[in-house]
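Please keep the view open as you read.

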Amino acid sequence: MSALSKLKEAYLCLKAGRVTLPYPARPQPVPPRFRGRPIFDANRCIGCAGCANNCPAREILVFDVCQEIRILKYLGRRCTYCGRCADLCPEKAITMSKDFETATPSIADLQQTLELFMSTCQRCGRCFKEPTPLEQLKLKGYRFDDLAHDRWIFRSKAYLEKDQVAGDIDLELD
Amino acid sequence: MASRDILHQLKQRFGAALPRANVAGLDRLYVFVTPEALKDVCQFIFRDLDARYIISIGADDRPYSGKFLVAHNFAFDARHVLCSVLTEVNANGGRPQVPSITEVVPPANWAEREFRDLVGIEPVGHRYPKRLVLPDGWPEGVHPLRKDVPHDFCPPDYDENRDFQFEAPPEGCVVVPFGPFHPTLDEPTHFRLYVEGETVRGCEYRGFMAHRGIEKLAETVLGYNDIPMMAERICGICGCVHNVAYAQAVENAAAIVVPPRAEYIRTIMLELERLHSHLLWVGLACHIVGFDTLFMQAFRIREPVMWMAEQISGNRKTYSLCVIGGVRWEITPELRTGLRQVLDKLEAEWQAVVAAVSRDRNLQRRTRGVGIATPELVKNAALIGPVARAAGVAMDCRRDHPYAAYDRVEFEVIVEHGGDVWSRVVVRMKEVFESIKIIRQCLDKMEPGPLQAEIKDELPPGRFGMSSVEAPRGESHHFVITGENNRPRRWRVRAPTYQNLQGIPAMIKDQQLADMTISLGSIDPCFSCTDRLEVVDIRNQQTHVWSQEELVRLARRKT
């Protein structure tokens, strides 16, 4: 019966009533797991480049401008907000914010550039993030009276072997 | 053991032509065949053993074995086996040749044309060796999926303004272009319809206008765990399907066991996706035939499902669910109760809609007897999903090749026998209830445990993996050869529309031109898309592309 089904359809519409949300006028709260634009925290970032290596959209660039400064740049062009960077960050320096209204005429509004001051390993010349483990101890109030001169070997497992450090100060900092 | 039986049968028939085979478990079979015997073996599998054709893969294996690789994948639905017939083809100085199987296996048509374009393996004896994927301005002899071509390579003599070459229409017919931009077509694709009066006599298809080269990216740039997020962007609706299918293919290749809780969560998300996709499709189909009431109602009912998905995974559509060996999102007890409430409400509301629509004569007059796919067409064009089920062919990967937790839940495979668009509407409407049933069972049976398997070693290179996942619109098939540098050596995605589109010329033949849109819409086509607004002033022939700023201003201006 077609007439009956038309009546049923009319009833469906009447019962539903108005369902449109007054969205831009009254913003809806987003669910707790919502992933919006990632925000990078320069204070916690150690410049390990884990986010850059694991970004599916390849939106995060890490490069060294000199031995002391490492630049981490989030480009924000085609980021898919998958949240892999935030998952993988060992220091939890990346948070997926609730910020989803990212329409903007200039891409620079979305971009973020971190300048990280790194220390230089005196052995291999690679840079790594300050403060070093030793300086962290210093900041906490430990004293290294016997290390009068500043020439300590920073911990850098990838490049230093234990027996190569003969003559230098052997530090175990874990 | 089913896969061993099949291998035994093949060996009895073609003893010397099978140099080696790999029985990778009960449900996977990899058979290497000499190129000379390829056609006979495929014919035997497709016709005598009554297997279903899935896809053909061409791969450049020169850096590892010095040869090219061609694989034809088949599925033995009744015996629950996925089988791959592999051939190693001599490089022949960069011009490899393989015998074409389209004569005996007609659905291999597009796949062979595709590896001819992208890998440069010539299918000898193909009846219509025309370009499929590459644009006509692309120079001869450059094949993007070869290993020596970088992923961002654009040949210097590429002429992007060159027009496509089309065949001449048959006599007495006029050409009606349909697409790339058409009011009822969501995404760019071009059908060149040959119309006699109001009747469609044939068509030529030209698609792949938004080819994004995701497979190439995966083989050269991304890592194993980046690809799931990228695979999700293959399709706007069955994203999670590709995500799960890729992860399963790699797990299948590397023999990683996924924890049961992760399997249940995958099943729940896949079924959530089927729910919202079917609701969306029923709405869109009604919209295409001009019945917007149901379009609105279907979308209203769909919305809570999207909100639920957002609560579970943090996003309405792109769930970023899988990594190799598990899932990322946990379903907490609060989410579980929320999901149950959504399902209860959805079931009641959808029942009301089905009761109202199932007798609607206007809708039936537009859809009955339109776009008919017969069981023969299903076999010969390898149609899948609701299109096949509406034609009376009961195939469903969830039942035939169980993955995730589908072997632990009970559900029915909905089959209709009309073969027309109306049957597809009915199949999809009824499948919504099956999905609700599956999610409820999963919520009951979900066991505690870890979300991800621990993977300690590197994934072994050179292994094959296959995975079929039932997407809302058909079966998605992923084929992976694992490789070095933390990324696959070859990854081939067969989305369901790839096969279903090949059945469209037969479905629309000798039909009214006005039925073309709903016939095409009934397979739920999904051409990947990118779009922008361009305004053409017809008085002075000037075009103007609107910038985002202008669009925003335009949208905010009060009308």
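## The interface in outline

In this predicted model, about 2800 Å² is buried between chain B and chain A, and carbon and sulfur atoms give 54% of that area. Buried area here is the accessible area (1.4 Å probe) that two parts lose on being put together, summed over both. The contact, meaning heavy atoms within 4.5 Å, takes 40 residues from chain B and 29 residues from chain A.

A word on conventions: residues are numbered from 1 along each chain as its sequence is written, while chains are lettered from A and ligands numbered from 1 in the order in which they are written. Because the model is predicted, local features need pLDDT of at least 70 and side-chain atom pairs count only at pLDDT 80 or more, whereas totals for chains, interfaces and linings use all residues; side-chain values use heavy atoms, with hydrogens and water left out.

## Pairs across the interface

Two salt bridges are found between chain B and chain A, a salt bridge being a side-chain nitrogen of Lys or Arg within 4 Å of a carboxyl oxygen of Asp or Glu. One of them joins the side chains of B:Arg328 and A:Asp87, at 2.9 Å from N to O.

## What chain B brings

On the side of chain B that touches chain A, at least two residues each come from α6 (227–231), α9 (292–313), α10 (333–357), α11 (361–367) and α19 (548–556). Helices (H or I, at least four residues) and strands (E, at least two) are DSSP runs, numbered from the N terminus. The most is given by α9(B), with eight residues.

## Chain B as a whole

Chain B has 19 helices and 18 strands. Its radius of gyration, 24 Å, is close to the 24 Å that the globule rule gives for 559 residues, so chain B is as compact as a globular protein of that length. The radius is taken over C-alpha atoms, and the rule is 2.2 Å times the number of residues to the power 0.38. The C-alpha trace of chain B spans about 70 × 65 × 50 Å along its principal axes.
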